[in-house]
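Trainee: Can you walk me through this model? I would like to start with the terms.

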Amino acid sequence: MGSRMTMIWVFLSLSLMAYTGAGQAGLFLTTYSGYDYFKVQASGPMTSANVNATCEAAGYAAPCVGLGSLCEGDCVQTGLNNCGWPMDEIAKQLCSGGGRASQCLQMDRIYVVMATTFRSGSACGVERAGCSGSVTGPNCYCATGNNYNNGYALCAQVGVNSCLPNPCHTQATCTDPPYPSTNATCTCNAGYTGDGRVNGTGCSDIVNACLSNPCHAQATCTDNPPPALDANCTCNAGYTGDGRANGTGCSDTNACSSNPCHAQATCTDNPAPALDANCTCNVGYTGDGRSNGTGCSDINTCSKSSNPCHAQATCTDNPAPALDANCSCNVGYTGDGRSNGTGCSDINACSSNPCHAQATCTDNPAPALDANCTCNVGYTGDGRANGTGCSDINTCSMSSNPCHAQATCTDNPAPALDANCTCNVGYTGDGRTNGTGCLDINACSANPCHAQATCTDNPAPALDANCTCNVGYTGDGRANGTGCSDLNTCSKSSNPCHAQATCTDNPAPALDANCTCNVGYTGDGRTNGTGCSDINACSSNPCHAQATCTDIPAPALDANCTCNVGYSGDGRANGTGCSDINTCSKSSNPCHAQATCTDNPAPALDANCTCNVGYTGDGRANGTGCSDINACSSNPCHTQATCTDNPAPALDANCTCNVGYTGDGRANGTGCSDINTCLNSSNPCHAQATCTDNPAPALDANCTCNVGYIGDGRANGTGCSDINTCLNSSNPCHAQATCTDNPAPALDANCTCNVGYTGDGRANGTGCLDENACLSNPCHTNANCTDNPPPAIDANCTCNAGYTGDGRANGTGCSDVNACSSNPCHANATCTDNPAPALDASCTCNAGFAGDGVVNANGTGCLLQPVSGAGSLDIAFLLTFACTLMVILSTVSEQAMFE
């Protein structure tokens, strides 16, 4: 662990120096998973230690090829994770294909660090020259570096993402350039133009799409905001169509198609921009011609000022399309009825003599068809020959009888119109109502009564009179009776004088008495008069004009003076009098502290209270008082603003936009518009999130991570991190594959089969199958190949029966097992190995010996024959022994070398 931590610290230090080190060497290959990769020329054998030292000497770190015991050595994890096919990720970046590193020409002779236990410390590399036609051979895709010199080391350093912090405009997409450039590319989004940079021209709406005149000449063009690149075309008033120059354009709207005119009218469309049509009534009709107006009615020739008929004729209009009329003389008239013809003249009813001989005939004007018959003077009746005719008028029977009611009337015969009048008994005169009439004969003219009596004549037909004593006298009143004596009014039970008065009878003809009020009283003294009332001392006006005078009862002759309501003083005209009481000066001022007090003149006891400027109310301390005039009641503020009245004497109010809004808050000002949190410099959202402002009163915004990212989207929250498809429950990769998430906005991942497996690595694809190392024929033709289970990427080669060796095509191979090496033959026999698969040998006794040559218990061996030349046998034996020993030693040496 200590050694690995030391390597991580060295790698981070070197990465920090990555873009500042002046002497870094190597050729840039590509950028992958946040790291820049280089190939650096190495010197000497391509061991893992040499590759690591070469990277460090160049200022880089040596990247690990992946995870696993064979792939994690003295290196740094940089995101490579394909231990089974080392460096394939880099090859796919360089060669834009799905092949192996050995298929990418640019990866030739590049080596990567492996674990120290891998092939005796060897690095793994690509040696395309050793592929021998197979890009998957061990010397091709993972050549043993110990066997090769002066290759290239794969080195890495932390890549600098020039998009962090984002130098681009909010409407631009930032693209981090490949190494060695550190300048990000800012590309304005669709619908925007500019250099896309925050400190440049930024991104503004692409030139108004209306400038290219996409709309018809009679349409209004409205540019659509970005990201749209087009514009809306709206036909002007009076036109219809899609409004586009290359579409249906704009044609005049035919207002007649909606049938606005009356059935008896002709419709003429008014050219655009008019939206209406003219309606003209057909011949013989009049009106505005519109179905919703006066329509079209028949022209009444009779109603025209040039009526064709006589004044005494009836005009009947002929229906349209006729423009004339028929004329018929009214009842009582005759003629053709036309004003330019015989017209209409009155029919004379007297020509048929309808009247009595004593009557005068007068024709009645049309429309009457008859005549009036008037009886001559002195006659009466209807005057008609077939009626009551005319008879003598009896003047006496008429309602206007000429005689007095007390006269008898005698009619004078016609043609006289008067009568004689004669007064009845007891009356005298000419008897006529318009003359002296008939008057009663007065019996008083003979003086039958007393001098102090009044004579009253009795009405006719009586001829006597009544005598009544005059006022103040009593008796029968007659001159020849008791006459008339004086009447004492004071002696009567009905004394006419007041109880506080003295009665003195007045001589007749008076019927009354004098009544004199006693001392201290005044009045007429009469019970049915003013009586006697206390003398009112107030009548001399002893009191002030604004005082009330109260008389002191008799016999007192003075009065009390009390100032009227609203006044103060002794109330006397010759004293302090009465002065107005100033209500405002009292300690109990009736007005509010914010009101001006104006005393009301007496008799009022109150004052007017007027609220000062900026206040409203009745101004009274015990009323509504004076409250600040709330300028907010006139709603001067925007609907999304809070109105705060400025204290009096101010007459205006402050308008403060509600939470979430900005502006001056006034209804007639800039009002209050929603604060777009997303436009603030402190945009709350992560760089990889879309900001959607929440409508006021909210002051925040919703942050939604862009496609391929997950999190709360907020800059101060979990932000937006790449969705690691590999961590999902639906991991797309096979159980024997390594999942590498593709950076957002991608939502998928790369699946790479682990070391020892092959396939597309996907759970729903071909998956990962054990990579059969035998398919590359690593074994000798006389060996049996057995694939080693993953993660092993090699195979065991076992020589077939009868053969020996490592079994490998590039090793010792498989050679025939020499059964003679176990010395199955007699020392005096020649051993001949039987070819495999035989495991035995043939033994042939040498010359001079006889037997089967076999030394085992079942053999006879070789028995000496008596022949000459025995010395040569010893030399042959020694040579055979020496050869056998050399074969054994050679075999042992080969096995030790491959262990």
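Mentor: Buried means under 20% relative accessible area, exposed means over 50%, and partly exposed is in between, with a 1.4 Å probe and protein chains only. This is a predicted model, in which local features need pLDDT of at least 70 and side-chain atom pairs count only at pLDDT 80 or more, while totals for chains, interfaces and linings use all residues. Residues are numbered from 1 along each chain as its sequence is written, and side-chain values use heavy atoms, with hydrogens and water left out.

Trainee: What is the mean pLDDT of the protein chain?

Mentor: The mean is 84, and 91% of the residues reach 70 or more. pLDDT is the predictor's confidence in each residue, from 0 to 100.

Trainee: Where does pLDDT stay under 50?

Mentor: Residues 1-23 are one such stretch, with 27 contacts beyond four places in sequence. Residues 867-899 also stay under 50, and the model has twelve such contacts for them. A contact means heavy atoms within 4.5 Å. Where pLDDT is low, the predicted coordinates should not be read in detail.

Trainee: Next topic, charges. How many salt bridges does the structure hold?

Mentor: Two. The term stands for a side-chain nitrogen of Lys or Arg within 4 Å of a carboxyl oxygen of Asp or Glu. Asp88 pairs with Arg100 in one of them, where the closest N and O atoms are 3.0 Å apart. Asp88 lies in helix 3 and Arg100 in the loop between helix 3 and strand 3 (110-112), so this pair ties together parts that are twelve residues apart in sequence. Helices (H or I, at least four residues) and strands (E, at least two) are DSSP runs, numbered from the N terminus.

Trainee: Are Asp88 and Arg100 buried or exposed?

Mentor: Both are buried.

Trainee: And which side chain does Arg109 meet in a salt bridge?

Mentor: That of Glu127, at 3.1 Å from N to O. Arg109 is in the loop between helix 3 and strand 3, and Glu127 is in the loop between strand 4 (124-125) and helix 4 (138-141), so the pair ties together parts 18 residues apart in sequence. Glu127 counts as buried because its relative accessibility is 6%, whereas Arg109, at 23%, is partly exposed.

Trainee: Back to helix 3. Which of its residues are buried?

Mentor: Helix 3 covers residues 88-95, and its buried residues are Asp88, Glu89, Ile90, Ala91 and Leu94. They pack against strand 1 (27-32), strand 2 (35-41) and strand 6 (152-158). Ser96 follows the helix and has a positive phi, near 50°.

Trainee: What about the largest nonpolar core, which members touch the most others?

Mentor: Tyr37, Met87, Ile90, Met107, Val112, Met114 and Leu154, out of 27 residues. A nonpolar core is a set of buried Ala, Val, Leu, Ile, Met, Phe, Trp, Tyr and Cys residues joined through side-chain atoms within 4.5 Å. Helix 3 gives the most to this core, with three residues.

Trainee: Which residues of helix 2 are buried?

Mentor: In helix 2 (residues 48-57) they are Ser48, Asn50, Val51, Asn52, Thr54 and Cys55. Gly59, just after the helix, takes a positive phi of about 90°.

Trainee: Now the backbone. Where are the cis peptide bonds?

Mentor: One joins Ala366 and Pro367, with omega about 20°. Pro367 is in the loop between strand 23 (359-363) and strand 24 (371-375). Another joins Pro790 and Pro791, with omega about 5°. Pro791 is in the loop between strand 59 (783-787) and strand 60 (795-799).

Trainee: And which residues other than glycine have a positive phi near 55°?

Mentor: Asn823 is one of them. Its place is in the loop between strand 62 (815-816) and strand 63 (829-833), and Asn823 is partly exposed at 46% relative accessible area. Asn541 also has a positive phi, about 55°. Asn541 sits in the loop between strand 38 (533-534) and strand 39 (547-551) and counts as exposed, at 59% relative accessibility.
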